Amino acid sequence: MKDKSSDGIFDWNVTGASICYLGIEAIGYFFLTLGLELLPTCKLTPARLMEWWRKKPFQGDDSVLEPFLKSSSETSVHLDEDIDVRTERNRVLSGSIDNTILFLRNLQKVYPGGNHHRAKVAVDSLTFSVQAGECFGFLGTNGAGKTTTLSMLTGEESPTEGTAFIFGKDISSNPKAARRHIGYCPQFDALLEYLTVQEHLELYARIKGVSDYRMNDVVLEKLVEFDLLKHADKPSYTLTGGNKRKLSVAIAMIGDPPIVILDEPSTGMDPIAKRFMWEVISRLSTRQGKTAVILTTHSMNEAQALCTRIGIMVGGRLRCIGSPQHLKTRFGNHLELEIKPTEVSASDLENLCRIIQEMLFDIPSHPRSLLNDLEVCIGAIDSITSGNASVAEISLSKEMIIVVGRWLGNEERVKTLISSRSNSDGLFGEQLSEQLVREGGIPLPIFSEWWLAREKFSAIDSFILSSFPGATFHGCNGLSVKYQLPYREGLSLADVFGHLERNR
Ligand SMILES: Nc1ncnc2c1ncn2[C@@H]1O[C@H](COP(=O)(O)OP(=O)(O)OP(=O)(O)O)[C@@H](O)[C@H]1O
């Protein structure tokens, strides 16, 4: 264009118009970004804009330092609300919350419905408080609303109704100030693949405002505390699931925030790593008393090990709240008894193998079909007649198992092995059934071990059922067996121990 016309480079029809357009756009987008950052993250409606204008979040924190508490009569209370939940609600709403660093006031979240689904009340009128040094555990099934509650506390989601206060800062009107006190470990590790463990900690320490001269100490302290020192220089994508989880929790705790929110912190960890993590969390909250921890879990064991108070959520509502002991005393209607018998002894096993072997070689008493089976199993008729086949070589077919069961006086027991129905006795019966179908036989020592284990467990079963009427079998994992004993008058824990001890 320059070659063919007399226009200058910055003339309107050369680059002038484009430069002006970009200039206006830059200013426009700057204010749009600013607006989106300051306005509530929920859908903008004229009513919400008006509400936001009234609250004016940019005016500073003073307007929200003293939260206004609704009177309890204004709140939506469910008629079937549990007494402890109601007491907690009334306590929080009446303002008797000394030493409380976080409280929720009728917090509610409704996800709007779409064309194909109805609106979903994920969290319904949640009211409770958490004190410094407390570890509060949320328990509940999938979809109970735990993660949504935490997301509202961390500002990821905005509440539909109600609000929560963190150090007196309202999470709805002043989410940034409220968030400043929180360390958060989300349910799914939010890590950057190519950053190393150390770089993650440094990055988050900087975001949280740790000063340069303390940076190395703070990062090193977390690496040591979470046993991540040997992985410090590994990029996060190479870490195991358990170590990723450790790093996520370490990130949440960096900068020593007074409130730490952990969404299922120990998911995917092996038992040792889990214990280790529990140790770190409890040291932080209950032992040092500095930090309030809020965690969600599916494990009652974890909640019991860590939490000073537990809230159980169902369908978005808090159904009970209290210390683990309080909940057990109020709602426990049974005792759980787990019995672990001694292992099958080598001498018993050897004896049984020998007895079965002798029975098998008692040739005259066998029908012809069984002899054929024996021949196939052991390989040579000579060894059958001489009776000196090694025990390990003998493999029992279906028919032989039935005969052996009859000899040993319990044909019913072996039927569970040979029936095609799935066998879930927990004593590796399922594997044996499969092996029987797959290979046509089970080695004698393995069958004998199963038989003796079943014998032990049957003896325990009849002892428990006759000693504690109303007891129910609650599963067997191959090493131990569980029963539920009815919790009633006249059957205290001491009675159960006494009875077991006398019959040990
Ligand atoms: N963005 C969303 N839009 C619509 N519904 C949602 C959304 N997020 C969650 N829900 C619904 O809200 C309910 C509560 O979900 P939430 O994730 O809080 O449960 P949870 O107790 O944390 O479950 P989990 O133990 O599986 O993590 C569920 O029924 C879920 O389907």
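Which residues are around the ligand? Residues count from 1 along each chain as its sequence is written. You're looking at a predicted model, where local features need pLDDT of at least 70, side-chain atom pairs count only at pLDDT 80 or more, and totals for chains, interfaces and linings use all residues.

**Stop 1: the ligand**

Select Tyr 111, Lys 120, Ala 122, Gly 140, Asn 142, Gly 143, Ala 144, Gly 145, Lys 146, Thr 147, Thr 148 and Gln 187: these are the residues around the ligand. To be listed, a residue needs its C-beta atom, placed from the backbone, within 6 Å of the molecule. Now colour strand S2 (120–131) and helix H4 (146–154), the elements that give two or more residues to this shell. H4 gives the most, with three residues. Helices (H or I, at least four residues) and strands (E, at least two) are DSSP runs, numbered from the N terminus.

Colour the shell by class and you get three nonpolar, seven polar and two charged residues. Here Ala, Val, Leu, Ile, Met, Phe, Trp, Tyr, Cys and Pro count as nonpolar, Asp, Glu, Lys and Arg as charged, and the others, Gly among them, as polar.

**Stop 2: residues 12–32**

Next, select residues 12–32, which an unreviewed UniProt entry lists as "transmembrane region"; such annotations may be inferred rather than shown by experiment. This stretch is 100% helix and 0% strand, with its end C-alpha atoms 27 Å apart.

**Stop 3: H6 and H7**

Pick helix H6 (residues 197–207) and helix H7 (residues 212–225), whose axes come within 10 Å and cross at roughly 130°. Axes are lines fitted to C-alpha atoms, for helices over the stretch in contact, and angles run from 0 to 180 degrees between N-to-C directions. That angle makes H6 oblique to H7. Under 35 degrees counts as roughly parallel, over 145 as roughly antiparallel, 65 to 115 as roughly perpendicular and the rest as oblique.

Show side chains for Gln 198, Leu 201, Glu 202 and Ala 205 of H6, then Met 215, Val 218, Val 219, Lys 222 and Leu 223 of H7, to see who makes the contact. Contact here means C-beta atoms, placed from the backbone, within 7 Å.

**Stop 4: H15 and H16**

Finish with helix H15 (residues 398–407) and helix H16 (residues 411–418), whose axes come within 7 Å and cross at roughly 160°. The two are therefore roughly antiparallel to each other. Lys 398, Ile 401, Ile 402, Gly 405 and Arg 406 in H15 meet Glu 411, Arg 413, Val 414, Leu 417 and Ile 418 in H16.

How values were computed
Contact = placed C-beta atoms within 7 Å.
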